[in-house]
Amino acid sequence: MAGVVNRSFVGDDGQVPDSKTTTNGTAPVASDTTVDTTSTGSGEREKWDNGVEFLLSCIAMSVGLGNVWKFPSTAFRNGGGAFVIPYMIVLLVVGRPVYYLEMVMGQFSSRGSVKVYDVSPVMRGIGVGQMIAMSIVISYYAATIAVAIRYFAASFSGDLPWATCDPSWTDVNCINSSDIMAKSSITNSTLPVKTSAELYYTRAVTGEDYLVGDEIGLPEWKLSLCLLFIWVCMTFMLIKGIKGSGKVSYFLALFPYVVMLFFAIYAFTLEGAMDGLLYFIKPDWNQLLNPTVWKEAVSQCFFSLSICFGGVIAYSSFNNFSNNIYRDAMIISWLDTFTSLLSGAIVFAIIGHLGFITDETDYTKVVYPGSGLTFITYPDAIAKFEHVPNLFAVLFFFMLFVLGIGSNTGIITSVVTAIRDEFPQLQNWKVVITISVIGFSTGFLFITPASSRLIDYVDYYGVTYVTLTLAVAELFCFCWMYGVDRICRDIEFMLSIRTSILWRTCWKFITPTVLLIILIVTFISGGKPKGFADGYHVLGWFIYALAVLPLPLWGMYVVAKQPKGSIWQKIMSASQPLPEWGPENLALKKKYDDYIDDIQHAGSRNVIQRFFTGRERSYSVNV
């Protein structure tokens with residue numbers, strides 16, 4: 001195909017880039033210099049079959065249980081509307097800029113979440129730490145999907161088992177979830193009032209209600225089989241690499257929205273739903289000064305968009321060099337926000353209905369604000385369906401399964417990519433099976449009766465703190481050590497677009513500053529998980545240290561390997577990009593090196609020289 005300038009993108013200022021204009025404002029002389037990205041160098045990684053597969057795979061990874069399960073639970077735990085406002089602010093100044101930045105770094109370099117730090121080898125420990133955090137997420141994410149499969153199987157019963165109260169639940173005022181109006185069934189006002197859906201989850205599924213003190217309990221055998229089924233499914237999807245996961249992305253990304261829109265229509269018509277929605281959208285302004293709310297907003301943003309875990313970098317690394325990632329980043333980030341808000345609205349509408357039928361205005365007493373929130377409120381709503389509730393239960397829990405599979409396969413892909421980037425001789429199926437066996441084994445911990453507390457515990461120490469710390473380091477590496485100017489220069493070479501001042505300001509100042517402030521305030525304010533002895537918190541900080549220590553340890557190792565010189569010279573040398581940093585394609589890498597030389601040469605000329613001679617070459621990418 002003939003060489004063409006990529007005009008697929010526009011910057012935030014709405015301008016289409018001129019092929020004769022470069023990042024430093026000089027005007028190059030017309031040239032036929034083109035780069036054919038279809039010619040490959042030896043050892044190039046596999047690519048997505050098309051841009052749609054990449055887009056839908058990113059949607060399947062980013063739009064998942066983090067939106068449907070974790071967002072409503074986190075919002076409920078942090079005061080509803082008091083959480084939504086910080087979340088939206090964090091999404092705009094942190095989420096979108098980091099998402100786009102990670103897409104740029106992954107696609108430009110065709111490197112995974114560890115190898116991408118060829119851009120500054122002294123910081124490669126960031127990628128190692130993110131792999132540890134991802135491994136923790138993989139374990140409890142799969143366990144959560146296993147609970148959805150447990151409900152999915154139970155939905156094929158003649159009557160939904162959570163729709164009516166079990167006769168043995170005599171220690172509470174149990175209300176049948178299938179009853180539209182059940183206040184009159186309360187016979188003993190001294191006993192707590194709970195719905196059958198909540199009791200089914202805490203007693204029949206997890207056994208949480210039967211725990212005494214700090215007990216953890218043993219995994220339930222049905223959940224164990226469900227966990228095994230999940231890992232078998234993910235293994236078969238990933239064993240062929242992105243060629244296999246890309247094909248199923250069409251279904252994984254689109255099917256959940258059909259089910260969610262239907263549930264939204266139904267939930268908003270329930271009695272008391274408007275009170276729940278008001279609680280969701282009406283903020284408590286005093287809570288905006290609570291640092292815990294902001295910490296949770298950042299954590300949810302990371303978890304929901306899957307940023308600072310390495311997944312976005314890994315998926316983007318399989319792109320063609322000139323893929324329209326600016327468009328993709330905007331579509332995915334806004335779609336992710338819409339999904340989170342829609343899921344939150346559905347859950348809070350149902351919570352408002354639960355408060356109505358139990359005559360309780362304090363929603364924290366209606367359901368327990370933990371990880372099991374979604375497995376209480378949604379089943380309760382399904383039980384009230386007048387027509388074929390079993391069918392809708394099957395569809396809903398299959399949707400959760402689809403969402404979870406899409407997100408978890410994306411996270412696992414980033415781990416596989418990082419390992420195979422470092423050890424290319426390893427076969428993909430061997431890496432996938434090893435990860436699956438380890439993930440299945442550690443997942444037993446998160447299907448015990450104490451699973452809700454344990455998930456909150458490892459999420460706090462092994463994910464929230466770790467991702468915050470490494471996110472600050474990642475932005476410092478990309479935006480300060482490598483530099484925003486270099487990133488924008490690489491974007492123009494790759495996509496032929498100028499980067500607006502908005503992105504530049506966020507990357508260099510706003511986003512790193514916001515993350516650093518929230519990290520410091522989080523360390524000062526504390527807010528550790530409840531229900532654990534002090535010894536467990538010591539273990540939690542050990543988990544944090546295990547994920548963060550690779551950063552300084554790897555840095556010291558790389559500095560020590562540098563040639564002779566002062567310690568400062570060694571640090572500066574270890575901080576510079578490796579000679580092979582840049583596009584993966586060998587011909588494209590050669591043109592990129594010439595492009596950089598040309599920019600540096602143009603910068604060394606005075607204004608009069610640049611006016612009369614312009615740039616020696618112009619560059620375009622053959623797409």
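Of the 623 residues in the chain, 58% count as buried, where buried means under 20% relative accessible area, exposed over 50%, and partly exposed in between (1.4 Å probe, protein chains only). The model is a predicted one: local features need pLDDT of at least 70, side-chain atom pairs count only at pLDDT 80 or more, and totals for chains, interfaces and linings use all residues. Residues are numbered from 1 along each chain as its sequence is written, and side-chain values use heavy atoms, with hydrogens and water left out.

Helix H12, residues 374–383, is mostly covered, with 10 of its 10 residues buried. Among them are Phe-375, Ile-376, Tyr-378, Pro-379 and Asp-380. Tyr-378 turns up again in the surroundings of Ser-343: leaving aside neighbours within four places in sequence, Ser-343 is in contact with Asn-67, Val-68, Pro-72, Met-260 and Tyr-378. Ser-343 itself sits in helix H11, residues 325–358, and counts as buried because its relative accessibility is 0%. Its C-alpha is 6.6 Å from that of Asn-67, although Ser-343 and Asn-67 are 276 residues apart in sequence.

Another pairing across the sequence involves Tyr-557, in helix H18 (residues 550–560). Tyr-557 and Val-122 are 435 residues apart in sequence, yet 8.2 Å apart in space, C-alpha to C-alpha. With a relative accessible area of 46%, Tyr-557 is partly exposed.

On to the cysteines. A disulfide is a covalent bond between the sulfur atoms of two cysteines; here the call is made for a pair of cysteine sulfur atoms within 2.5 Å. The count by this rule is 1 disulfide, formed by Cys-165 and Cys-174 with their sulfur atoms 2.0 Å apart. The torsion about the S-S bond of Cys-165 and Cys-174 is about -95 degrees, so the disulfide is left-handed. Cys-165 counts as partly exposed, at 21% relative accessibility, whereas Cys-174 is buried, at 16%. Cys-301, by contrast, is in no disulfide, and the nearest cysteine sulfur, that of Cys-308, is 8.7 Å away. Cys-301 is buried, with a relative accessibility of 0%. Cys-488 is in no disulfide either, the nearest cysteine sulfur being that of Cys-479 at 9.1 Å. At 2% relative accessibility, Cys-488 counts as buried too.

Finally, the surface carries a nonpolar patch of about 560 Å², made by Trp-221, Leu-225, Leu-228, Val-232 and Phe-236. Patches are made of residues with over 30% relative accessible area and no salt bridge, with like charges joined within 9 Å and nonpolar side chains (Val, Leu, Ile, Met, Phe, Trp, Tyr) within 5 Å; a salt bridge is a side-chain nitrogen of Lys or Arg within 4 Å of a carboxyl oxygen of Asp or Glu. Leu-228 belongs to helix H6, residues 221–238, and is partly exposed at 40% relative accessibility. An α-helix has 3.6 residues a turn, so residues three or four places apart point the same way.

Definitions and conventions:
Areas by Shrake-Rupley, 256 points an atom, 1.4 Å probe, with all protein chains shown as cover. Helix = DSSP H or I, 4+ residues; strand = E, 2+ residues; numbered from the N terminus. Contact = heavy atoms within 4.5 Å.
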